[in-house]
Each structure stands twice: as C-alpha cells, then as structure tokens.
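Please read them alongside the sequence and coordinates.

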Amino acid sequence: MLFSKLTTPTLFLAALSTASPLPAHTQSLPACPTTFTTSTAGIPAHEIASLFSSTTVPLHPSAAADIEHIRATVALYGIALDGKNWPMLEQVFTSDVRANYSAVGVMEGIEAIQTTLEASLEPVGFTQHQFSTTVIQLCRDETVDAATGEHGGAAPGKTAAVSIAYTTTAHFPVGPDGAMLPTLDAAAVLTGYVMYQDVWVKEEVDEGAEWRIRKRNTITMVSLNLHHWTVEEAQD
Ligand SMILES: *[C@@H]1O[C@H](CO)[C@@H](O)[C@H](O)[C@H]1NC(C)=O
C-alpha cells in the first residue's frame, strides 16, 4: 500500500507542525474518501456510487473554477494521447505521480508514464478518447504516509480532489504509408471502455495554481474487439 493512515504520535505532530491554515472553502470540504487516497488498485465499479454519495457537499462558489480546471485537465490527457504529445502529459500529472493502468502496468513518475504510454500506443495508428461521465469531488486529504510523514495526495493546507472519469476510446489503424484511411470498416476499430480514478493536488506555478493528478488507478470495464465480435456473429 502506497499511502497508509497515520499511526504514530510523532508523525502526527510532524504533520501538524508543517500545516498552515486551510483556505475557508477547504475547511468546509469533506475528507477525501480514504478508499481513493490509499488504494493502489482500482475500486470496483459497484462501490463508486456510495463513495461519492457519502461525501458530496453543497458547492462553494469559489470551488467552481477548481472543478472546471480539473475537468479541462481530464480532457487535456485525452488530446495529449490522441496527438501522441508526450511532453503535454506534464500538464496533467505531477512529477511524482503513481499510476496503475492494470494491464499496462504500474508506473512511478511522469517519465515512466510518458515512455510506457508511448510504447503501448506505438502499434496503434491513432486514438480518440471520448470522455463522458465525470464526477469530481473537492476534499481535504488527511491521509499521511507512515514512512515519510507526508500527506498522501496533497501538501498540508491544500485542497485536494478525487474524480472518476469514463472514457470510450477508439483505436484506429492507419494505412501502410502511416496516413489516416479515408474510410474505415467499423470492424477494424478496437474500442476500450475504461474508468479513471484519480487523486488530484493543486500545485503552485508562476501564474497561480494548476491541478495535477498525483495518483491514478484504472478500471477496464470491457475491452471490445469489434473485429472478433463481427466475425463470430457472422458465423452464427
Ligand atoms: C493494479 O490494479 C489492478 C487492477 O485494479 C490490481 O489488480 C493490482 O493489484 C494493482 N497493483 C498494485 C501494485 O496494487
């Protein structure tokens, strides 16, 4: 387990001494669900609804900008992958991100994400990530790493957030010359259904603050190979 709950008085005092007063709207936020902040594996889809229904609070007006920024960053991830723009992922993830992409593997640090995703999409002509259902909850992250005494998802005094985002991703082949095919049989498109489960932190940058993903787990809902499906159906 990457992040575990605070266990020793020494660490508790260490955490308190570095904490600064929370912004007003952070104080009124619920604690982040620890299932999100501590789990190194994806949370089963049937458990997600109860996690959000127990933590949702009325939205403070100042939180709307944070939520919109997070939603835009979810989309930025999609266009980075669709454009095979690996440097752009630095606008999406923290440098010390830990991401568990189940079948693709567990990646530690932004460079591991960049090289692993580049390699895994190398055989694919191009992708289209289509984000749909997205739920974002601002929260206070109270998990503390027992080994380091550091907060699990966010620095002390910072607002954190947890989110889920569904994406349906189409993987398209390209022609022998590497160019996009003018027309495409649906059977040649591989469609994946994934739920991203993210823990966000707000990082200070020159011109203000940016939201970045510090921890990501993925749940693959189903990976549908339309080619095989079509062939089998046709043979029935
Ligand atoms: C990564 O996620 C998968 C799927 O949720 C899980 O089975 C696996 O145990 C996780 N790996 C680690 C190291 O937690």
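**Notes on the model**

1. Leaving aside residues up to four places away in sequence, S39 is in contact with T34, K215 and N217; contact means heavy atoms within 4.5 Å. S39 sits in the loop between α3 and α4 (45-53). Its relative accessible area is 17%, so S39 is buried. Buried stands for under 20% relative accessible area, exposed for over 50%, and partly exposed for what lies in between (1.4 Å probe, protein chains only).

2. On the basis of these notes: this is a predicted model, in which local features need pLDDT of at least 70 and side-chain atom pairs count only at pLDDT 80 or more, while totals for chains, interfaces and linings use all residues. Residues are numbered from 1 along each chain as its sequence is written, and side-chain values use heavy atoms, with hydrogens and water left out.

3. The protein chain has seven helices and six strands, where helices (H or I, at least four residues) and strands (E, at least two) are DSSP runs numbered from the N terminus. Their order along the sequence is α-α-α-α-α-β-β-α-β-β-β-β-α. Of the 236 residues of the protein chain, 43% count as buried. Of the contacts in the protein chain between residues at least 6 apart in sequence, 71% join residues at least 24 apart. The protein chain exposes about 12200 Å², with 58% of it supplied by carbon and sulfur atoms; accessible areas come from the Shrake-Rupley method with a 1.4 Å probe, and for residues only the protein chains shown count as cover.

4. Which residues are around the ligand? They are T40, A41, G42, R98, N100 and S102, each with a heavy atom within 4 Å of the ligand. By class, this shell has one nonpolar, four polar and one charged residues. In this scheme Ala, Val, Leu, Ile, Met, Phe, Trp, Tyr, Cys and Pro count as nonpolar, Asp, Glu, Lys and Arg as charged, and the others, Gly among them, as polar.

5. For T40, a polar side-chain atom lies 2.7 Å from a ligand oxygen. For G42, a backbone N or O atom lies 3.0 Å from a ligand oxygen. For N100, an N or O atom in the side chain is 2.4 Å from a ligand oxygen. Taken alone the ligand exposes 360 Å², of which the protein buries 52%.

6. The structure holds one disulfide, a disulfide being a pair of cysteine sulfur atoms within 2.5 Å. It is formed by C32 and C139, with sulfur atoms 2.0 Å apart. The link is right-handed, with 90 degrees about the S-S bond. It joins distant parts of the chain, 107 residues apart: C32 is in the loop between α2 (24-27) and α3 (34-38), and C139 is in strand β3 (residues 126-139). C32 counts as buried at 5% relative accessibility, and C139 is buried at 0%.

7. K84 deserves a check. Its phi is near 45 degrees, a positive value in a residue other than glycine. Most residues other than glycine have a negative phi. K84 is in the loop between α5 (63-82) and β1 (93-100) and, at 30% relative accessibility, counts as partly exposed.

8. Is P123 buried or exposed? With a relative accessible area of 66%, P123 is exposed. P123 lies in the loop between α6 (110-121) and β3. The C-alpha atoms of P123 and P173 are separated by 8.6 Å, the two residues being 50 residues apart along the chain.

Definitions and conventions: A polar contact is a pair of N or O atoms within 3.5 Å; within protein, one must be able to donate a hydrogen and the other to accept it, and residues adjacent in sequence count only if both atoms are side-chain atoms.
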